[in-house]
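Subject: Structure for you to look through

Dear colleague,

I am passing on the structure we spoke about, together with some notes on what was found in it. Please keep it open beside you as you read.

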Amino acid sequence: MRVLIAGASGFLGTHLSTHLRVHGHEVTALVRREPTSAHESRWDPSTGDIDAAAVARSDAVVNLAGATIAANPHSKKYAQEVMDSRVSTTRVLAEAIAAAERPPAFLAGNGISWYGDHGDRLVTEDSETTGDAFLTRVARAWEEATRPAQEAGARVCVLRTAPVMDRTSPPLKQLRLLFQLGGGARLGSGEQHMPMISLRDWVGAVSYLIESRDVSGAFNLCCPHTPTNSEFTHALASAVKRKAFLAVPGPVMKVGAGYLASELLGSINARPAALERAGYDFEDEDVREVLAAALA
């Protein structure tokens with residue numbers, strides 16, 4: 001298949017591109033500079049400039065572009081950049097897909113934060129979105145931006161992605177070091193559910209959706225058994241052979257984490273029901289398996 005990827009140079013985009021090429025697919029990266037190879041195509045989402053021919057000849061378009069979420073959680077200006085960078089890239093791609101004579105599939109990056117805080121209730125793709133947390137509002141606008149592609153009849157898969165765990169990338173890169181130094185701590189009560197997914201399952205699931213030409217809709221990209229924050233804390237401490245007796249009180253989290261506090265203290269007991277129905281077979285089903293794969 002011919003796959004066009006925005007955000008191909010990022011952590012997830014790099015691993016997905018490599019996986020797809022190894023499996024025989026042709027991958028073209030959307031870049032904002034002048035292309036240096038035949039496997040790159042220039043675009044500028046701020047102006048809506050994109051090579052319509054590159055979109056039209058693709059079988060699937062994947063959007064993984066967007067500003068890093070945790071770079072400056074206290075800045076309102078940066079928060080707006082987080083929102084704009086996701087919505088604008090998605091809208092430009094959705095409109096380009098809609099304009100194609102044969103609209104390619106659109107795999108649109110998104111976040112598990114779309115659901116908002118649901119407490120202990122099981123959350124599947126049929127669950128509603130609730131609350132007014134920042135990343136929940138971002139995810140709603142992000143998903144709404146796919147509408148032109150949907151209305152044009154394109155196959156659209158919305159990737160409601162949980163934090164992807166790998167030792168080389170946030171958040172686990174920083175957490176592993178913190179826990180190794182004895183600073184591991186649960187957040188707030190620790191009872192909030194904390195969805196996550198291993199890197200190999202994220203890559204595997206997205207590749208599976210690209211290749212499965214008859215599936216569409218929203219997909220939770222998370223392991224089947226979502227741990228609580230307390231369970232994650234104990235599992236990571238055990239994995240790095242350290243103790244974790246500390247706790248960060250909720251009020252301290254609200255001061256220290258800025259607009260991310262509600263995401264860290266909120267609870268999403270997510271299940272990847274749509275992926276399971278589609279036939280994807282997870283390699284890492286719970287927190288211990290996810291961490292074992294991530295730290296290997």
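The sulfur of Cys 222 lies 6.3 Å from the closest cysteine sulfur, that of Cys 223, and this is too far for a bond, since a disulfide is counted when a pair of cysteine sulfur atoms is within 2.5 Å. In general terms, a disulfide is a covalent bond between the sulfur atoms of two cysteines. Cys 223 is likewise in no disulfide, and a search of the whole structure finds 0 of them. Cys 222 is buried, with a relative accessible area of 0%, and Cys 223 is buried too, with a value of 0%; here buried means under 20% relative accessible area, exposed means over 50%, and partly exposed means in between, with a 1.4 Å probe and protein chains only.

Before you go further, please note that this is a predicted model, in which local features need pLDDT of at least 70 and side-chain atom pairs count only at pLDDT 80 or more, while totals for chains, interfaces and linings use all residues. Residues are numbered from 1 along each chain as its sequence is written, and side-chain values use heavy atoms, with hydrogens and water left out.

Next come the helix pairs. Helices (H or I, at least four residues) and strands (E, at least two) are DSSP runs, numbered from the N terminus. Axes are lines fitted to C-alpha atoms, for helices over the stretch in contact, and the angles run from 0 to 180 degrees between N-to-C directions.

How do the axes of helix α1 and helix α7 cross? The axes of α1 (residues 11-22) and α7 (residues 199-211) come within 10 Å and cross at roughly 60 degrees. That makes α1 oblique to α7, because angles under 35 degrees count as roughly parallel, over 145 as roughly antiparallel, 65 to 115 as roughly perpendicular, and the rest as oblique. The contact, a word that stands for heavy atoms within 4.5 Å, is made by Phe 11, Leu 12, His 15, Leu 16, His 19 and Leu 20 of α1 with Leu 199, Trp 202, Val 203, Val 206, Ser 207 and Ile 210 of α7. Sorted by class, the contact of α1 with α7 has 9 nonpolar, 3 polar and no charged residues, where Ala, Val, Leu, Ile, Met, Phe, Trp, Tyr, Cys and Pro count as nonpolar, Asp, Glu, Lys and Arg as charged, and the others, Gly among them, as polar.

Phe 11, found in helix α1, deserves a look of its own. At 24% relative accessibility, Phe 11 counts as partly exposed. Leaving aside its neighbours within four places in sequence, Phe 11 is in contact with Asp 166, Thr 168, Ser 169 and Leu 199. Phe 11 and Ser 169 are 158 residues apart in sequence, yet 7.4 Å apart in space, C-alpha to C-alpha.

In another pair, helix α3 (residues 76-99) and helix α4 (residues 134-144) pack at an angle of about 20 degrees, with their axes 9 Å apart, and they are therefore roughly parallel to each other. On the α3 side the contact is made by Ala 79, Val 82, Met 83, Arg 86, Val 87 and Thr 90, and on the α4 side by Phe 134, Arg 137, Val 138, Ala 141 and Trp 142. These residues divide into 8 nonpolar, 1 polar and 2 charged.

Helix α6 (residues 172-180) and helix α8 (residues 229-239) pack at an angle of about 65 degrees, with their axes 10 Å apart, which makes α6 roughly perpendicular to α8. Leu 172, Leu 175 and Phe 179 of α6 meet Phe 232, Thr 233, Leu 236 and Ala 237 of α8 in this contact. In α8, the buried residues are Asn 229, Phe 232, Thr 233, Ala 235, Leu 236 and Ala 237, and the buried residues of α8 pack against β9 (164-165), α6, β10 (185-187) and α12 (287-295).

Finally, there are two details of the backbone. A cis peptide bond, with omega about 0 degrees, joins Pro 170 and Pro 171, and Pro 171 has its place in the loop between β9 and α6. Lys 241, in the loop between α8 and β13 (246-248), has a phi near 60 degrees, a positive value in a residue other than glycine. At 70% relative accessibility, Lys 241 counts as exposed.
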